[in-house]
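Please look at the sequence and structure first.

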Amino acid sequence: MARFLEKLQYIDRRYLYLVLAVVVALPVFVSLPLPIEPSQETLGAYRAVESVPPGKIVLIQSDWDAGSKGENQGQAEAIIDHLMRRNIKFAVISANPYGPPFAEMVDEVTARRYGKRYGVDWVNFGYKIFPGTEAYVLPSLARDIPGTVKTDYRGTPLSKIPMMAGVKDIHDVAVVFNIGYGQQLLWIPFVQSVYGTKMVFAIAAINSTTMYSYITAGQLAGMLVGAQGGAEYEALIGYEKRTGRVGWGNRVIQSQSWAHGLIILLIIIGNVGYAFARPETKRARLGMEDGE
Amino acid sequence: MTEFARWEIWLQAACTLGIFSFLYRENKAYRLFEHILLGLGVGVSFAATWTGILKPKWWDRLPLVVHRKPTEPWYMLEAWWFDWGGSFDKLIHGGWVWILAGLVGLMWYTMYSKKYAWLSRIVIGLTLGAGAGLAFKAQFNAQIPQLLDSFKSPYIPAAEIHNPVIDNWWSNIIFVVTIVTVLLYFFFSIEHRHPVVRNGSKWGRWMIMVSFGPFFANAVMTRTSVFIDRILFLVRDWAFPIFHLTPK
């Protein structure tokens, strides 16, 4: 029995991948609605949108792409839905060359739902922040948006885009969202702390841990933590009730719950195997010589 | 959300399965898709950098004949013709300064020549100087508010309690004790012999270990989300239509 339990440490990882794949696909077959309680940081993001005054726009730095779709698509869909439902105009800018088409996909689908028009209700500036030049571009953008951006991602000059009439600098922007795998931290020293513009990060969970100090210090108005943040935001805006479909964040987080259950189980199994392992095996695993 | 043609979904599925095949073992299909995706990535980045950044921000600002005759095939040759009268105003507003910007940018590449490498040091110096200045400002603006926020009182007036989970005396005490002991752990100027220093730094180490917990958990969560996205795509968007099934 002890030998069998010891072998639990050495399950071929390919079987584990297969089981994980099956487990995360379960919600496609069996719906598992879970209670979602919005966290303080998600509430902060929601309140930031709710408090946008008339006449001001929201600026979204959208850097997510295929690689971070699982974490960011739910966040983007919920934020854009909220903005369009509240008739808040917004501009999208990207520091990732692959970012603009993904942002546009969400914008266009949501716009069809609310009858919004490109150029009138939203604009996509495209890839305008070259990585490494943020410290120069962001202050320039804050001082002069049309002068820095010049054209939207279709090549149309901003002067010909109706919603940009009257938008000159960061004072015309109520909130800056940063949706992406990582955070564009330089918004804080070069824009938030200089002009007092509200900042919200919607980022992958892996990058969220170090961001809490920015929230408590008041530098961030809110934060969406990975797919969970997206699911919480969807719950706050009643996404499923209004659209008639489960939001992407909620869908991912359902699979996530199954996956976490499996991972916890595997950690227990691995530790049981370790507990029943022979002393010499333990020493070998730790790279220890005999007698150590 | 998916708005792709059927063949596009098959292509996506082939790429996803090709990359996932690495989980079984290293193989040629994985290598093929890896190289395709890397090539696509570099190509898209180059094109997007030109059309999104270099063209509107630099090329279109050059005082080139190309602006007047965009359809001329030999406009590149004409581009170098100009009638600059030598005034500073014309240098700035006529766009000539962007030619200088291009030349300064090209100075980076002189590092590949032994004879002209000194030119690259000029731009490296400029970049380092500007970078250091900006980093200095960024550190101050980003960290000072957090430093001020780390001074927390063990007494909180009832009127200032907005969220009982966060705004409470014991939470503030844990915060202050943690910050002091972690700083103590990383304070190497004195030997950790005195019981207060020794036990304080030990507590700090425990707190660091505790903080690694959420770090690791969030890392697992992100990796799983990315994996879930692909599995849901394969099941819902690719496999289900093949069997005429409708996902829940």
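## Confidence

What is the mean pLDDT of chain A? The mean is 92, and 98% of the residues of chain A reach 70 or more. Here pLDDT is the predictor's confidence in each residue, from 0 to 100. Among the elements of chain A, strand 1 has the highest mean pLDDT (98) and helix 13 (residues 279–285) the lowest (73). Helices (H or I, at least four residues) and strands (E, at least two) are DSSP runs, numbered from the N terminus.

This is a predicted model, in which local features need pLDDT of at least 70 and side-chain atom pairs count only at pLDDT 80 or more, while totals for chains, interfaces and linings use all residues. Residues are numbered from 1 along each chain as its sequence is written, chains are lettered from A and ligands numbered from 1 in the order in which they are written, and side-chain values use heavy atoms, with hydrogens and water left out. The model scores ipTM 0.89 and pTM 0.87.

Chain B averages a pLDDT of 84, with 86% of its residues scoring at least 70. Residues 73–87 of chain B have pLDDT below 50, and this stretch has 18 contacts in the model beyond near neighbours in sequence. A contact means heavy atoms within 4.5 Å. Residues 65–70 of chain B also stay under 50, with 12 contacts beyond four places in sequence. Where pLDDT is low, the predicted coordinates should not be read in detail.

## The interface

In the model, 52 residues of chain B are in contact with 66 residues of chain A. The two chains bury about 4,900 Å² between them, 66% of it on carbon and sulfur atoms. Buried area is the accessible area (1.4 Å probe) that two parts lose on being put together, summed over both.

How many salt bridges are there between chain B and chain A? The count is 1. A salt bridge is a side-chain nitrogen of Lys or Arg within 4 Å of a carboxyl oxygen of Asp or Glu. B:Asp229 pairs with A:Lys69, and their closest N and O atoms are 3.1 Å apart. Over all chains, the structure holds 15 salt bridges. B:Asp229 lies in helix 8 of chain B and A:Lys69 in helix 4 of chain A, so this pair joins two chains.

## Pockets

On a 1 Å grid over the protein atoms alone, a pocket is an open set of points with protein on both sides within 12 Å along at least five of seven lines, whereas a cavity is a set where a 1.4 Å probe fits but cannot get out; lining residues have an atom within 4 Å of a point. Grid points are joined across faces, edges and corners, and a volume is the space filled by probe spheres set on the points.

The largest pocket holds about 2,200 Å³. Its lining has 49 residues, and nearest its centre lie A:Tyr212, A:Ser213, A:Thr216, B:Lys152 and B:Phe175. Helix 7 of chain B gives the largest share, 11 residues. By class, the lining has 26 nonpolar, 17 polar and 6 charged residues. Ala, Val, Leu, Ile, Met, Phe, Trp, Tyr, Cys and Pro count as nonpolar, Asp, Glu, Lys and Arg as charged, and the others, Gly among them, as polar.

The second largest pocket holds about 1,700 Å³. It is lined by 47 residues, and the closest to its centre are A:Ala66, A:Gly67, A:Phe102, B:Leu37 and B:Arg230. Helix 8 of chain B supplies the largest share, 9 residues. This lining divides into 28 nonpolar, 8 polar and 11 charged residues.

## Cavities

There are 2 cavities of 30 Å³ or more. Helix 5 of chain A gives the largest share, 3 residues. By class, 8 lining residues are nonpolar, 1 is polar and 1 is charged.
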